[in-house]
Amino acid sequence: MNPRPADPRRTVPQHRPRLFPGALLVPLLLLLTTSCTDTNTGSAPRRGASGVGDPLFPTLGNGGYDVTHYGLTLDYAPATHRLRGTARITARTTRALSSFHLDLAGLHVRETTVNSRPARATRHSTELTLTPATALPKDRTFTTTVVYDGKPKTLTDPDGSREGWLRTADGAVGLGEPTGSMTWFPGNNHPSDKAAFDIAVTVPRGYAAVSNGELTRRTTRNGRTTHHWRTRDPMATYLATVAIGRFDIHTTTADGLPQYVAIDPTEAKASRDVPAQITKITAWERRTFGPYPFASTGAIVDHLPDLGYALETQTKPYFAAAPDQRLIVHELAHQWFGNSVTPRTWKDMWLNEGFATYAEWLWTEQHHGRTAQQTFDDFYDGTDDESKGIWAFPPAAPPSPGHVSDPPVYGRGAMALHQLRRAVGDPAFFRILRTWLKTHRHGNADTKQFITLSKRLSGKPLDKLFKTWLYAKAKPAR
Ligand code: TRP
Ligand code: ZN
C-alpha cells in the first residue's frame, strides 16, 4: 500500500477481513430488546432508546435527549498508554426519562452522576445505561459526568479499516469515523446529535496535544502540560480528535481566519509546503463554496503511514502522513460538506464523500486543466484508477456498514453531482451548493432535501436524473 496516501479511497485496502457473523447479532438483539420501549408516546418517564435508528448502524447514538456540550478532561500517559478521563455532558431531554444510554467501548467506568447526584451505571456491549436517582422530566437540561480510565482500544471496522484510539511511535490519536469516538469518550455517538466541545488534554511536558477548534489555554504543573481546546460550533462525535505526540506547530492568520497546523517532525520535510497549501486551498474553497463555517482552519500531519486514510476532523483534518494537494482539497471540502452540513444518517454518506470528491474535480478543472467532464469520462470509461469498483452499488444506498466508505459513495457520488451540474448549468449548480450550505449550516440534512432544493432552485424536473445516478443499481447511460 502507498505509504503516502494520495487519496482516501485509494489508500483503503481492497481486501478486508470480514467480521464473523455473530458480531452483528449482539447489537441486533440489543436493539430488539431495548428500543421497542421508545415507540410509546405517553409522558410518563421511560427508558431511553439504545440507538437513534440509523439504517446502517442501529446501536449508534441513543434516544430521549440531545447533547449541547461535551466537556472532556483527559489525561494520557504515552509511556503506559493509560487514559484517564472525565466527561461532563450537558444535554436536554426530548422526553421524560427514567434512564438513558451513552455509547462507550471498553475502558473502566469509575463514577457516574446525573445533576451532581450519583447515578446507577450498567454496561452491555457498547451501551452504558445510566439511571438517575430521580427521573428526568421532558425538555429539561441535565448534566451527566462519567469518570473513566483504561487503555483505549482500536476498533476494526467491517471494511477492515482501523479507527478509535490508535498508538503512534510517539503518542496516540483518537479518530472516530464512523464509530470510534466511543473508544475514548462516552457520548451520543451519532452524526445527528452535534454539540459544542471543550477538550482539555494533559500530557507530559514536551508532548503536544492537538484537538479540534482553538487553543484557549496551556498550563504546565509538575512536568505535565494541559492543553485546552474549544469548539464553539456544533460538531458530530465522529469528527472529534486528539493527537498526542511531538509536533512542530505552524500558526498564522489568513484572510482573518486563524490557522493551526501541527506536523510530526518525521514528516517535516515532506510537509514543508502544507501550511501554505492549507491557506491557499481554504481560500479557494471559501470563494467556491461560500463562508468558511468554523472559527479556524488547519491540519494535523501525523506519522502513522499504515493507517491508509485521512479524516476530515473538524477544523483540523488528520493526515496519517504528508498529504498531497488533492487530499488536502478533499479533507478541507469536508469542513463545508459533512462537518457543517452533516448527514442525518450514515446512509447519506455520499453527501460527504461525493461532494468532497467533486471538490477535487473542480480544483483540478480550475488549476490543472483536466475538466470535470474529462474526469467524469475517465470514471465512466474506467480509465481513472479511482473509478475501480464504482458500479458495485448506487451511491445513496450503501448496502451495509462495511460499504459506507466504498468507491461508489465517492466516485459515483461525484458523478451524480456532475450530472446535476450539466443538467442545470453552472450558475444554478453553484447556487444550489451555496444555498445547501447556507440553509443547513451547522445542522443535519438528507438526500431528499438535496433533491428538493435542486429542483426548486433550478426549476427543472430532476427526479429521473437523481433516481438514475443516486439510486439505480445499473450503470447509467451517459
Ligand atoms: N472520510 C474519510 C475521507 O474521505 C475517509 C475515511 C475515514 C475512511 N475513515 C474511514 C475510509 C474508514 C474508509 C474507512 O476523507
Ligand atoms: Zn472524504
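A salt bridge is a side-chain nitrogen of Lys or Arg within 4 Å of a carboxyl oxygen of Asp or Glu. R326 and E360 form such a salt bridge, with 2.7 Å between the closest N and O atoms. The model described here is predicted.

## Division of the chain

Two domains are assigned: domain 1 covers residues 28–333, and domain 2 covers residues 343–471. Their C-alpha centres are separated by 27 Å.

## Extent of the interface

The size of an interface is often given as the accessible area lost when the parts come together. For domain 1 and domain 2, the area buried between them is about 2900 Å². Carbon and sulfur atoms account for 61% of this area.

In terms of residues, 34 from domain 1 are in contact with 35 from domain 2.

## Polar and charged links

Two salt bridges are found across the interface of domain 1 and domain 2. Between the two domains, 13 residue pairs are in polar contact, counting pairs with both residues at pLDDT 80 or more.

## The side contributed by domain 1

Three elements, β16 (224–235), α2 (274–289) and α3 (325–336), each provide at least two residues to the side of domain 1 that touches domain 2. The most comes from α2, which gives seven residues.

Sorted by class, this side of domain 1 holds 18 nonpolar residues, six polar residues and ten charged residues.

Key:
Residues numbered from 1 in each chain as written. Chains lettered and ligands numbered in written order. Predicted model: local features only at pLDDT ≥ 70, side-chain atom pairs only at ≥ 80, totals over all residues. Heavy atoms only, no water. Domains from an automatic or database assignment. Contact = heavy atoms within 4.5 Å. Buried area = accessible area lost by both parts, 1.4 Å probe. Polar contact = N/O pair within 3.5 Å; in protein donor to acceptor, adjacent residues only side chain to side chain. Helix = DSSP H or I, 4+ residues; strand = E, 2+ residues; numbered from the N terminus. Nonpolar A, V, L, I, M, F, W, Y, C, P; charged D, E, K, R; others polar.
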